[in-house]
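Please open the structure in your viewer and keep the selection tool at hand. The stops below say what to select and what is there.

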Amino acid sequence: MRRMVVLRVVVTLTLVLGLNYTVWRWLESVNWSAWWIAVPLVIAETYSFVDVTLFGITMWKAKPREDPGPPPEGVTVDVFITTYNEDVALVARTAEAARDIRYPHRTWVLDDGARPEMRAEAERLGVGYVVRGADWADRPKHAKAGNLNNALALTDGELILVLDADQIPTPDILDRTVAYFDDPQVALVQTPQFFTNVPEADPLGSQAPLFYGPIQQGKDGWNAAFFCGSNAILRRDALMQLGLVGYVRETERTVREALHTSRRVLQRARRQADDLRVAAALDEVARASTQALRRLDAGDPLGEVTYAFQRRVDEVSSSVVAADMAAIRADLEALGELAPALAAAPAGAQSTADGRDPAHADALTALDTREWSPLGALESVRALVRAVDVDRGDEAMPVMPVATLSVTEDMATAMRLHALGWKTVYHHETLAHGLAPEDLGTMITQRLRWAQGTLQVFLQENPLTVKGLRLGQRLMYGATMWSYLSGFTAVVYLAAPVIFLCFGVLPVTAWSVDFFARFLPFQIASQLLFLVSARGLRTWRGQQYSLALFPVWIKATWTAAANVWFGRPLGFAVTPKQRQSSAGAWRLVRPQLVAMAVLVVAAVVGVVRWALGYAPWVGTAVNLAWVAYDLVVLSVIVQALRYRGYQGAEKEA
Amino acid sequence: MEIGTDVRGGGVAVLRPQGRLTMVTAGELKAEVDRAVDDGNAVVVVDLEETAFMDSSGLGALVGGLRRARAAGGDLRIARVGGQVLTVLRLTTMDRVLTPFATVEDAVGAA
């Protein structure tokens, strides 16, 4: 309780001092004569102030939860272990630990690699084994989200524990968490991700003690605890509800889209039609489209509207076919060579054309009729007609419970759950032990993927505007997404001191008392906020990497925007679980190495300029300190390059 | 769960699931719809008069059945929906897709 009071005092202090500094920077201290660096710097500083504000708001409610108590009996649980290409022995180790979880449950290995040796291991361990069915062939796979959805359709437990292939659960993982679901509003319980193959120094910044701790607790306080993809328990009913709402939304969207474009599609087809009757039939389809759209606007259910549309198209198709057949038959009769096979075919078609209830006609005949019809020969028209239906034929499953919106399925899923009014819980106790990447290349791939996924969600379903979220939840999602935009500001923070030291260009009007009197209190308060929030946790690595990975964040922003706005592929990669070769890893961090070299050169130049009397000592000192800070932060890249993988496990083996 | 099946003429089957249509029984209903469609009854009416409770998995099975029936050129319709089921339909916005018909005859004759 006293901790919360102290925390909130520090938060308030930081925000007041930050506001004071930022307003003064904009109004009084921008050096407009050097606007090309002054403006980017003041924008970068404002970005950071917003970042600190969102962090402060998160911490405002960062409180540990009370123990959930013993689990109720009789809850059915499915444990899903998702795998794609991980080492079979590694997955087997996780599967065995999952099987031995104490609370009654069933364990399933979800093998997207469909490997026979994985199936054999699952059988040996006595756990279930699931692969994708035939429906998924030639349709979007949706990566891990698709893998989970496929398994959800084949199982029936009330709760689902999701584990990555390398996350070994403790036997009491369910005993400690199932009780939260006594509250019927709870849809998700997330537990921390902790990695065992990481040395004390954590050179790759794998552990995220600030996130799996104060930050998640803070988000939890705002009922916005995030789903992080693994080590989480989900309520099936909530996921299914999400899937159904998504199904309705997507179906309505595609049907409307198809109907809206129908006029253009049909007009083009009509221009190409050289047969008068086909042209007349296309007009009929156009009329049916207009009517369908009008009915949808009037609020008629999609099922009825699309069914009526489909039947109308069938009638139109078969009337054309019937007319064709009648002509052929007349010709044949004239020749006196009526073939019995031909006579049989139009009979079925005729019955629907007669205007009897089409549902009574043989379904297969109706389909065939559509294929024979000259309308069916027009691919654009066929695609249009196919789209005006409620079966979502372009997807393997009509109902997709886990969101397939983004490459990281977890954030989008949680946000949609929150938008539907569900609660989520962060349970702060390590109940699974996983493996972190052991080389720089793999780590960068993983961070890039997280950042891309987060920004994809941000650009597609902006949490600030999406319906159903509360203000606090909007801010919590906004905070995470905001933090991934930091790459651009990092460039400014690196460039500004270099520009001063080398060229004497000042981004602020003066390094004066006015400046320090506002800047220092804000900086000290921010650091204090960080210190109090972290409760003695070591968060320095995280701070270093949030700046040092600036090229990754920039690339993520760039590629996510290109993907969402222009449909470009992301170049998505599964994070390898084995250590990759480290030769040439320096190429991955070339921008950082160049930045460090430039900083060192700038420091030398700055000292020389001061010694020769070209630069004032205050500015030089401030900027040298700034360069030193940047270098210390970036030095983590050198440590990461020198890291040769975790040695502790090998000693034990 | 008990599912009564009543085959009408002209390719219409009426299914009567009795009791609770939940994640446990959803698969049974889906299988029954598949069977009806395979037997040449592309229009399936699910009579929910005796379905006391439905969860979103049960509704998911109905969507699966709808897709199966549509692929065969038919349809899946629901009739005689109780209060709890209606609530689930609204909660999941599924009432934008499925029309709850007052009687089985209305459902058969629809469209």
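This is a predicted model: local features need pLDDT of at least 70, side-chain atom pairs count only at pLDDT 80 or more; totals for chains, interfaces and linings use all residues.

**Stop 1: a hairpin in chain B**

Residues are numbered from 1 along each chain as its sequence is written, and chains are lettered from A and ligands numbered from 1 in the order in which they are written.

Now extend the selection to residues 2–8 and 12–21 of chain B, which are strands β1 and β2. The two strands run antiparallel and are joined by seven bridges. Strands count as paired if DSSP finds at least two bridges between them. Three residues separate β1(B) from β2(B) in this hairpin, and B:G10 in the turn has a positive phi of about 70°.

**Stop 2: chain A as a whole**

Select chain A, which has 22 helices and ten strands. Helices (H or I, at least four residues) and strands (E, at least two) are DSSP runs, numbered from the N terminus. The C-alpha atoms of chain A fill a box of roughly 110 × 65 × 50 Å along the principal axes. Of the 653 residues in chain A, 45% are buried. Buried means that 20 or more other C-beta atoms lie within 10 Å of the residue's own, exposed means 12 or fewer, and partly exposed is in between; C-beta atoms are placed from the backbone.

**Stop 3: two residues with positive phi**

Most residues other than glycine have a negative phi. Select A:D202, in the loop between β7 (194–195) and α6 (211–221) of chain A; its phi is positive, near 45°. Is A:D202 buried or exposed? A:D202 counts as buried because it has 20 C-beta neighbours inside 10 Å.

Next, select A:R392, in the loop between α12 (379–387) and α13 (409–419) of chain A. A:R392 is not a glycine, but has a positive phi of about 45°. With 19 other C-beta atoms within 10 Å, A:R392 is partly exposed.

**Stop 4: where chains A and B touch**

How many residues does each chain bring to the contact? Chain A brings 30 residues and chain B 33; two residues are in contact if their C-beta atoms, placed from the backbone, lie within 7 Å. On the chain A side, select α7 (236–272), α9 (302–335) and α11 (363–372), each of which supplies at least two residues. The largest share, eleven residues, comes from α7(A).
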